[in-house]
Amino acid sequence: MYSFVKDNLDANPVVVDADDLLESPKQIMKEYCDRVGIKYEEHMTTWKPGEIIQAWQDKAWVMEWRRGALNSSGFIKSETSSSKPVIEYPSDVVKAMEDSQAFYDKMFSVRLRLA
């Protein structure tokens with residue numbers, strides 16, 4: 001998808017890494033907005049817990065699967081993010097991850113960075 005966007009839509013697409021966003025939400029969002037040409041507003045990095053679009057409010061899978069996000073009020077770096085659990089993935093998932101790593105590395109190398 002990144003290659004398609006770069007080749008067909010925008011020669012310099014903005015890539016945001018989730019860890020960078022969690023580390024510096026306001027600064028990353030401000031820089032993102034600047035690069036894509038929209039005005040940054042404070043409400044872009046904070047919100048009221050439980051606010052979800054009406055169309056999703058009756059979807060049980062949204063309520064269960066995204067409970068943490070729905071109860072959040074902004075981008076907050078998790079205290080446990082550095083101690084990720086060891087997960088054993090099925091071999092087809094491991095293969096897909098290995099096949100995708102080069103693409104991830106490329107996008108990571110061109111991600112939005114703060115000056």
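Guide: Let us start with helix length, for which the expected span of a helix is 1.5 Å times one less than its number of residues. Helices (H or I, at least four residues) and strands (E, at least two) are DSSP runs, numbered from the N terminus. This is a predicted model, in which local features need pLDDT of at least 70 and side-chain atom pairs count only at pLDDT 80 or more, while totals for chains, interfaces and linings use all residues. Residues are numbered from 1 along each chain as its sequence is written, and side-chain values use heavy atoms, with hydrogens and water left out.

Visitor: How do you know what span helix 6 should have, and what do its end C-alpha atoms show?

Guide: Helix 6 has 19 residues, so at 1.5 Å a residue it should span 27 Å, and its end C-alpha atoms are 27 Å apart, which agrees.

Visitor: What makes Trp47 and Phe75 an aromatic pair, and which kind of pair is it?

Guide: Rings of Phe, Tyr and Trp (its six-membered ring) pair if their centres lie within 6.5 Å, and planes under 30 degrees apart count as stacked, over 60 as edge-to-face and the rest as tilted. A search of the whole structure finds 2 aromatic pairs. In one of them, Trp47 and Phe75 are 5.2 Å apart centre to centre with 90° between the planes, and this pair is therefore edge-to-face. Trp47 lies in the loop between helix 3 (25–36) and helix 4 (60–65), and Phe75 in the loop between helix 5 (67–70) and helix 6 (91–109), so the pair ties together parts that are 28 residues apart in sequence.

Visitor: What sits over the ring of Phe108?

Guide: The charged end of Arg111 sits over that ring, 3.8 Å from its centre; the label requires NZ of Lys or CZ of Arg to be within 6 Å of the ring centre and within 35 degrees of the ring normal.

Visitor: What makes the contact of Asp20 with Arg111 a salt bridge?

Guide: A salt bridge is a side-chain nitrogen of Lys or Arg within 4 Å of a carboxyl oxygen of Asp or Glu. The closest N and O atoms of Asp20 and Arg111 are 2.7 Å apart, so the pair qualifies. Asp20 lies in helix 2 (residues 18–23) and Arg111 in the segment after helix 6, so the pair ties together parts that are 91 residues apart in sequence.

Visitor: How many salt bridges are there in the whole structure?

Guide: The search finds 4, among them Lys26 with Glu42 at 3.1 Å, N to O, and Glu31 with Arg35 at 2.9 Å, N to O. Glu31 and Arg35 are 4 residues apart in helix 3, and so are separated by about one helical turn.
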